[in-house]
Amino acid sequence: MSKKVSIGIIQMESHLGDVEANLEKAVKMIKEAVEKGSNIVCFPELFSTGYHLAYLKEKTNELGMKYFDETVETLSGAARKYGVYIIAPIVEERELNGVAYNSALVFDKDGSLMGSMAKTHLWALERFYFKEGSEFPVFKTEHGNIGIAICYDAGFPEVSRSLCLQGADIVFVPSAWRIEDEDMWDLNLPQRALENLFFTVGVNAVNKKHDLHLFGKSKVCNPRGKIIKELPSDQEVVEVVEIDLGDIAKYRTEISYLRDRKPIIYNLLTDR
């Protein structure tokens, strides 16, 4: 049965260290995405502070936590005003004061905070600034079940499989992916979609400052691993892509990867 969903990809260039400017820009981009028909919008990794740990260092966490309440209030208001779900990757402080996570917050169309996903695989300098997450939540909406894998998480098949087994229809991959690993970006998103027979939506930042090149090239892959939309490199873009969740059942009928799994013989995956 056909079920159309319009995905808003916000391929954003953040002002490094200027949270207020980034939030102001973000609200304008949300409005643009909704005017183009979006039901769900997603920003890149750490969009409110900008992603550049070698340059911002501890300021990433300091600014993220200083402006956390304002960021939540702003995005909640935008979700409510425009009637759209928002996936907002920002610095998050949870149960312990001063302990930061590289997270993605999810707001429903009424502006309520549904929860968050904390990045589970920290890359390079992230280990010095963030605590890693250990859970793979799936958020149930009228537009399908949403999973999140943040950037480096997409390189680990177990993350996407965990989301698949919990019923995810769409896995968003908000990222700050560097140009040196463009080939991995092009491979990981289609692979995760095909392995699990769901949609993947990679939302990459753009930036070329202080010796870090984040190249964009965000993309949507269908459950067969086909790239159905790819955004340009090195351009700030708001793009809306319509997908049909009915394709999941179609491809799961045609392709037997999930039906023919044999978890009982995969013990090496958990024994080591």
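Colleague: Hi! Is Lys-119 buried or exposed?

Modeller: Hello! Lys-119 is buried, with a relative accessibility of 1%. Keep in mind that this is a predicted model.

Colleague: Okay, and which residue does Lys-119 form a salt bridge with?

Modeller: Its partner is Glu-45, and the closest N and O atoms are 2.8 Å apart. Side chains of opposite charge can pair when their charged atoms come close.

Colleague: And Glu-45, buried or exposed?

Modeller: Glu-45 is buried too, at a relative accessible area of 2%.

Colleague: Where do Lys-119 and Glu-45 lie?

Modeller: Lys-119 is in the loop between strand S5 (113-118) and helix H5 (126-129), while Glu-45 is in the loop between S2 and helix H2 (53-56), so the pair ties together parts that are 74 residues apart in sequence.

Colleague: Nice. How many salt bridges does the count come to?

Modeller: The count comes to 19 salt bridges. One of them joins Glu-195 and Arg-192, with the closest N and O atoms 2.8 Å apart.

Colleague: How are Glu-195 and Arg-192 placed in helix H7?

Modeller: They are three residues apart in helix H7 (residues 182-196), so about one helical turn separates them. An α-helix has 3.6 residues a turn, so residues three or four places apart point the same way. Arg-192 is buried at 6% relative accessible area, whereas Glu-195 is partly exposed at 26%.

Colleague: Which residues are linked in a network of salt bridges?

Modeller: That network links Glu-182, Asp-186, Lys-217, Lys-219 and Glu-230.

Colleague: Let's switch to helix H1. Which of its residues are buried?

Modeller: The buried ones are Val-19, Asn-22, Leu-23, Lys-25, Ala-26, Met-29, Ile-30 and Ala-33. Looking down the axis of H1, these buried residues fall within an arc of 165 degrees, so they line one face of the helix.

Colleague: What covers the buried residues of H1?

Modeller: The cover includes strand S1 (4-11), helix H4 (68-82) and strand S3 (85-93), among others.

Colleague: And which exposed residues are on the face turned away from that buried side?

Modeller: That face of H1 carries Glu-24, Lys-28 and Glu-35.

Colleague: What comes after H1?

Modeller: H1 is followed by Gly-37, which has a positive phi, near 105 degrees.

Colleague: Last topic: which residues form a nonpolar patch on the surface?

Modeller: Ile-264, Ile-265, Tyr-266 and Leu-269 do, with about 470 Å² of accessible area together. Tyr-266 is in the loop between helix H8 (246-254) and helix H9 (268-271), and it is partly exposed at 34% relative accessible area.

Terms used
Residues numbered from 1 in each chain as written. Predicted model: local features only at pLDDT ≥ 70, side-chain atom pairs only at ≥ 80, totals over all residues. Heavy atoms only, no water. Patch = residues over 30% accessible without salt bridge, like charges linked within 9 Å, V, L, I, M, F, W, Y side chains within 5 Å. Areas by Shrake-Rupley, 256 points an atom, 1.4 Å probe, with all protein chains shown as cover. Salt bridge = Lys/Arg side-chain N within 4 Å of Asp/Glu carboxyl O. Helix = DSSP H or I, 4+ residues; strand = E, 2+ residues; numbered from the N terminus. Buried < 20%, exposed > 50% of the residue type's maximum accessible area, 1.4 Å probe, protein only. Arc of directions from axis to C-beta. Contact = heavy atoms within 4.5 Å.
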